[in-house]
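Hi everyone, thanks for coming. Please have a look at the molecule on the screen, and then I'll walk you through a few spots in it.

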Amino acid sequence: MSDNRKFTLSVVVPAYNEEEVLPEFHRRLTAVLSGMGCSNEILYVNDGSSDNTLKVIQSFAHSNVSIIDLSRNFGKEIALTAGLDHATGEAVIVIDADL
């Protein structure tokens with residue numbers, strides 16, 4: 001931004017049975033975000049996973065990480081909608097967690 005104003009970027013990440021790849025995904029995502037020079041929030045949407053996806057996401061607990069835990073698997077589109085509904089940034093990126 002030309003006026004050097006800091007903005008907030010929201011990253012919405014739907015996840016369904018992603019426990020195996022989430023740690024590496026989160027590591028890569030936070031590395032990229034830390035170099036961007038803007039504030040950010042990461043919204044993980046657990047789409048009713050039957051594995052330990054929720055526990056893995058909870059291990060990322062940080063001030064900029066939010067968790068939306070859907071009661072069952074509603075599908076990617078509903079998970080994305082839930083994340084977009086909760087995003088507070090001026091810009092939103094939607095990304096899959098499957099690397």
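Let's start with a question: which residues line the largest pocket? They are Leu9, Val11, Phe25, Arg28, Leu29, Val32, Leu33, Met36, Ile93, Ile95, Asp96 and Leu99. A word on the model itself: it is predicted, so local features need pLDDT of at least 70 and side-chain atom pairs count only at pLDDT 80 or more, while totals for chains, interfaces and linings use all residues. Residues are numbered from 1 along each chain as its sequence is written, and side-chain values use heavy atoms, with hydrogens and water left out.

Back to the pocket. On a 1 Å grid over the protein atoms alone, a pocket is an open set of points where a 1.4 Å probe fits, with protein on both sides within 12 Å along at least five of seven lines; lining residues have an atom within 4 Å of a point. The volume here is about 160 Å³, meaning the space filled by probe spheres set on the points, which are joined across faces, edges and corners. Helix H1 gives the most to the lining, with five residues. (Helices are DSSP runs of H or I, at least four residues, and strands are runs of E, at least two, numbered from the N terminus.)

Now for the charges. Side chains of opposite charge can pair when their charged atoms come close. The structure holds three salt bridges, each one a side-chain nitrogen of Lys or Arg within 4 Å of a carboxyl oxygen of Asp or Glu. Glutamate 24 meets arginine 27 at 2.6 Å, N to O, and glutamate 24 also meets arginine 28 at 2.8 Å. Arginine 28 and glutamate 24 are four residues apart in helix H1, about one helical turn.

The other bridge joins aspartate 96 and lysine 76, with the closest N and O atoms 2.9 Å apart. Aspartate 96 lies in the segment after strand S4 (91-94) and lysine 76 in helix H3, so the pair ties together parts 20 residues apart in sequence.

Is glutamate 18 buried or exposed? Glutamate 18 is buried (under 20% relative accessible area, whereas exposed is over 50% and partly exposed in between, with a 1.4 Å probe and protein chains only). Glutamate 18 has no salt bridge, and the nearest side chain of opposite charge, lysine 76, is 8.6 Å away (Lys and Arg count as positive, Asp and Glu as negative; His and the chain ends are not counted).
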